[in-house]
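The entries below are in the order in which I checked things.

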Amino acid sequence: MNPYLLVMDTELKDLVGQLASYHPEGSKKILKLVLKLYLKLLDKSKRKGRDPILALRDLVEKITESGSDTAQDKISQLDALMEAKTVSVGNYENTPIFEDIREIKNVLRNLHVGGVGGGNTISAPKQELDPSEAAKLVTLVEAAPVERKNYKSLRMGKSQRKIQF
Amino acid sequence: MADLEKCVAIGGELGTSTSKFCCEDTIVIFSSVVGSALSEGMEKSWRLMNRTADTRWIKNLAVFDDSRNCWRYVGAMTRNSEMTNWFTNKGLIQNYEDAFLAIKAGVFLQNLEMKERGKPITNIGFGFGITVHHGENVIEEFLTYIQNRLVVRNDKKFLCIKAKNVALNEVMEIEVELDFSVMQYQAYGAYMAFLFKKFNMEIFNTYVIDVGHGTWIKLPIIDNEADVNLADSISEGIHTITKNISTVIFESSGQKFKIPEQRIMERLPRKEFMIEVPGAGNFDFTALLKRESEDMAKHIVECLSSDIAALSRKGKSIDYFTVIGGGAHLLFDSIKKEIGRYFSWSPEVLDKKVISASEIGVDPRYINCVGFMLLARDQIAVELGRDVDQKFSVNKVIQETQEA
């Protein structure tokens with residue numbers, strides 16, 4: 001199976017990190033859901049022979065109005081659309097993807113009011129996501145060159161299997 | 001005690017099809033077959049009727065067999081033998097007497113060449129390849145057999161060779177002092193050649209695939225040592241491919257005529273992929289050859305991938321892969337492609353990681369015996385307390401068929 005890579009920007013990574021430390025079970029489920037949705041998108045775009053990132057971008061642009069420049073605007077529009085769909089077409093709220101999204105929202109809501117399971121007070125700072133910046137790649141540190149053994153130093157220490165005539 | 005200052009390194013490989021000997025920049029290669037000689041009278045008649053212009057020693061060689069007290073033909077000259085004996089099978093020596101004659105033939109022919117250059121061979125240090133399956137004991141037995149047949153004089157051991165050029169009716173006798181023989185697993189020779197020339201004496205883990213006529217050998221060399229646990233000899237080679245092609249042609253031609261696989265084998269180095277079947281027509285086996293080569297390459301890389309996994313578990317990795325032997329000309333590209341596919345390497349990375357003997361100016365068929373020569377050369381240098389001379393090249397190949 002080929003490995004899949006999920007690239008996160010710094011702020012999303014921090015958010016996930018905070019979730020993981022304050023609510024490990026919830027963060028795991030959220031990550032799983034995010035990955036599941038991502039993989040579904042990946043599969044669909046591969047079948048159609050498209051790059052998944054471009055497919056996501058095109059999908060978002062197709063259903064949001066032009067003029068919403070920032071990612072925050074787009075997210076708000078998507079939210080509004082989802083709410084509208086939920087109200088207008090009853091069957092949609094039973095689809096798996098809507099269930100997943102509802103689950104994420106519930107977890108986030110619960111975290112916001114003070115935690116799940118036992119009344120832990122979670123005073124997570126509010127994070128204002130601004131995904132307008134492009135994701136920054138991790139800076140690679142070049143490894144030091146491997147020090148190679150030299151045959152000349154080995155040959156004196158170990159002799160070859162030899163027959164003396 | 002031999003005078004190592006005069007000792008000449010010779011690399012030897014007694015293969016299933018051909019025996020090869022490397023000395024300095026010269027390779028001598030002849031068929032691994034010994035046969036009965038004609039009687040004196042028959043030889044005389046043969047000389048009278050022989051119209052061939054090729055009167056070279058390698059083409060018309062007989063060596064005197066002390067154990068049988070008679071002449072025996074070696075290599076190409078066995079075309080006139082009533083009975084022939086291929087003395088190596090799947091890399092293992094089957095008949096010590098005949099293999100010993102091959103050693104004498106190889107040393108004699110190398111000495112002829114060196115004599116022409118004004119430096120006849122007087123002392124020899126051998127480098128030999130051991131078969132993977134059979135281990136050191138088998139080759140040690142053979143070398144002990146040789147040792148017991150050397151003439152001892154003043155604590156020195158001499159190999160006495162009496163050889164005849166049957167076409168010219170010329171007999172020559174020489175004697176050379178044998179000092180030692182060092183041994184390594186077959187295919188290790190190729191690693192030595194790369195070590196000296198490409199790796200500049202730095203240790204790189206190398207995976208050697210040696211494709212021969214009847215078998216292919218895999219030998220990973222890790223930290224300068226052959227990994228004996230992963231080394232293996234598999235009964236599949238060029239013969240498998242040519243036999244399958246011969247079978248398909250037989251079936252396709254309505255089972256009229258069976259083409260001996262040898263005829264197909266002869267065409268491969270000349271890149272002639274058309275063969276005539278009497279009464280049935282011409283058959284172009286290009287596509288068939290491609291498919292067979294790809295299938296074999298896939299199988300080889302499957303075995304390779306298991307070894308890579310085993311090495312990974314020990315925290316080891318391979319720096320370079322190489323394909324050598326008589327089958328390299330046919331299979332190098334297919335195996336390289338499969339390796340690239342397995343690792344998902346880009347073409348640039350693949351070109352760096354999969355190396356060819358031709359990169360260091362040696363034919364993949366001879367690279368092993370060149371490496372064994374370097375092994376012997378290194379042993380001489382070690383015993384003399386010196387640095388080994390890294391430089392080598394192959395400038396002359398003496399073989400039975402003359403190049404056009």
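These entries go through helix pairs first and then the interface.

**Entry 1: ground rules.** I note that this is a predicted model. For each helix pair I looked up two things, because two packed helices are described by the angle between their axes and the distance between the axes.

**Entry 2: H7 and H8 of chain B.** I started with helix H7 (residues 286-313) of chain B and helix H8 (residues 328-343) of chain B, whose axes are 8 Å apart at an angle of about 50 degrees. H7(B) and H8(B) are therefore oblique to each other. I recorded their crossing as right-handed. I then listed the residues in contact: H7(B) contributes, among others, B:Leu289, B:Met296, B:Ile300 and B:Leu304, and H8(B) contributes residues including B:Leu331, B:Ile335, B:Lys337 and B:Tyr342. Sorted by class, the residues of this contact between H7(B) and H8(B) are 13 nonpolar, three polar and five charged.

**Entry 3: H5 and H7 of chain B.** Next I asked which residues of H5(B) meet H7(B). I found B:Ile241, B:Asn244, B:Ile245 and B:Val248 on the H5(B) side, and B:Leu288, B:Leu289, B:Glu292, B:Ser293 and B:Met296 on the H7(B) side. The contact of H5(B) with H7(B) has six nonpolar residues, two polar and one charged. For the geometry, helix H5 (residues 238-252) of chain B and H7(B) have axes that come within 10 Å and cross at roughly 140 degrees. That angle makes H5(B) oblique to H7(B). I wrote this crossing down as right-handed.

B:Leu289, B:Ser293 and B:Met296 are in my list for H8(B), and I see these residues again in the list for H5(B).

**Entry 4: H4 and H10 of chain B.** I turned to helix H4 (residues 188-197) of chain B and H10(B), whose axes come within 7 Å and cross at roughly 70 degrees. H4(B) is thus roughly perpendicular to H10(B). The crossing of H4(B) and H10(B) is left-handed. In the contact, H4(B) supplies residues including B:Tyr188, B:Met192 and B:Phe196, while H10(B) supplies residues including B:Phe372, B:Leu375 and B:Asp378. I counted this contact of H4(B) with H10(B) as 10 nonpolar, three polar and one charged.

**Entry 5: where chain B meets chain A.** How many residues of chain B are in contact with chain A? I got 37, and they touch 15 residues of chain A. The area buried between the two chains is about 2,500 Å², and carbon and sulfur atoms give 51% of it. On the chain B side, B:Met183, B:Met201 and B:Ile203 lose the most area to chain A, together 18% of what that side buries.

**Entry 6: salt bridges.** Over all chains, I have 25 salt bridges on record. Across the interface of chain B and chain A there are three. One bridge is formed by A:Lys162 and B:Glu383, with the closest N and O atoms 2.3 Å apart. A:Lys162 lies in strand E1 (residues 161-164) of chain A and B:Glu383 in helix H10 (residues 367-383) of chain B, so this pair joins two chains. I also found a salt bridge between the side chains of A:Arg155 and B:Asp378, at 2.6 Å from N to O. B:Asp378 was already in my notes, in the contact of H10(B) with H4(B).

Key:
Residues are numbered from 1 along each chain as its sequence is written. Chains are lettered from A and ligands numbered from 1 in the order in which they are written. This is a predicted model: local features need pLDDT of at least 70, side-chain atom pairs count only at pLDDT 80 or more; totals for chains, interfaces and linings use all residues. Side-chain values use heavy atoms; hydrogens and water are left out. Axes are lines fitted to C-alpha atoms, for helices over the stretch in contact, and angles run from 0 to 180 degrees between N-to-C directions. Helices (H or I, at least four residues) and strands (E, at least two) are DSSP runs, numbered from the N terminus. Angles under 35 degrees count as roughly parallel, over 145 as roughly antiparallel, 65 to 115 as roughly perpendicular and the rest as oblique. A crossing is left-handed if the near helix is turned anticlockwise from the far one by less than a right angle, and right-handed if clockwise. Contact means heavy atoms within 4.5 Å. Ala, Val, Leu, Ile, Met, Phe, Trp, Tyr, Cys and Pro count as nonpolar, Asp, Glu, Lys and Arg as charged, and the others, Gly among them, as polar. Buried area is the accessible area (1.4 Å probe) that two parts lose on being put together, summed over both. A salt bridge is a side-chain nitrogen of Lys or Arg within 4 Å of a carboxyl oxygen of Asp or Glu.
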